[in-house]
Amino acid sequence: MERNKIIKRVLGELEANYISYCLLRNYGFLLENRTILQQSELSVDLVVSRNDFAKFEQIMHKFNFLPRDPHYSHSHHAYYRIEDINTVSFDAQVGGVYWNDFLYLD
């Protein structure tokens with residue numbers, strides 16, 4: 001399945017399950033319906049409500065996304081899936097916007 005379609009299906013599932021989330025960056029290619037042009041677009045960054053994070057994780061598993069091992073922050077949770085030799089990835093921040101575990105905006 002095409003990368004953009006997978007991402008749109010996941011976002012649609014978040015909406016259908018009333019998950020509170022906000023896309024942060026790296027989603028312009030979806031709006032323009034194009035393939036990725038920049039390395040930064042390999043992962044869609046979003047914030048997921050702390051109250052909805054368990055449901056978010058269930059949706060990630062439903063779509064066969066695997067969790068990445070955390071490496072620099074306990075507030076970031078990355079999920080990936082390999083599809084037709086391409087990586088589809090979501091980088092979720094739980095409960096707000098963080099950098100190095102410092103909360104900037106909840």
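**Helix packing, core and rings**

Let's begin with α1 and α3, which pack at an angle of about 145 degrees, their axes 10 Å apart. The axes here are lines fitted to C-alpha atoms, for helices over the stretch in contact, and angles run from 0 to 180 degrees between N-to-C directions. Before I go further, please keep in mind that this is a predicted model: local features need pLDDT of at least 70, side-chain atom pairs count only at pLDDT 80 or more, and totals for chains, interfaces and linings use all residues. Residues are numbered from 1 along each chain as its sequence is written, and side-chain values use heavy atoms, with hydrogens and water left out.

Helices and strands are DSSP runs numbered from the N terminus (helices H or I, at least four residues; strands E, at least two). The crossing of α1 and α3 is right-handed, a crossing being left-handed if the near helix is turned anticlockwise from the far one by less than a right angle, and right-handed if clockwise. Which residues meet there? From α1 we have V10, E13 and L14, and from α3 we have F56, I59, M60 and K62. Contact, by the way, means heavy atoms within 4.5 Å.

Staying with α1, its 14 residues reach 20 Å from first C-alpha to last, close to the 20 Å expected at 1.5 Å a residue; the expected span is 1.5 Å times one less than the number of residues. Among its buried residues are I6, I7, V10 and L11, where buried means under 20% relative accessible area, exposed over 50%, and partly exposed in between (1.4 Å probe, protein chains only). The cover over the buried residues of α1 includes β1, α2, β2, α3, β4 and β5.

That brings us to the core. A nonpolar core is a set of buried Ala, Val, Leu, Ile, Met, Phe, Trp, Tyr and Cys residues joined through side-chain atoms within 4.5 Å. The largest one has 22 residues, and I7, F56, F65 and F90 have the most contacts inside it. Its largest share, five residues, comes from α1.

Now, the rings. How many aromatic pairs does a search of the whole structure find? Three. Rings of Phe, Tyr and Trp (its six-membered ring) pair if their centres lie within 6.5 Å; planes under 30 degrees apart count as stacked, over 60 as edge-to-face and the rest as tilted. F53 and F56 are stacked, because their ring centres are 5.8 Å apart and their planes are at 25 degrees. These two sit three residues apart in α3, so about one helical turn separates them. F56 is buried at 0% relative accessible area, and F53 counts as buried at 10%. Together with Y79 they form one aromatic cluster.

F65 and F90 make an edge-to-face pair, since their centres are 5.4 Å apart and their planes are at 70 degrees. This pair links distant parts of the chain, 25 residues apart: F65 is in the loop between α3 and β3, and F90 is in strand β5. The contacts of F90, leaving aside residues up to four places away in sequence, include I7, V10, M60 and Y79.

Most residues other than glycine have a negative phi. N64, in the loop between α3 and β3, has a positive phi of about 65 degrees and is exposed at 56%.
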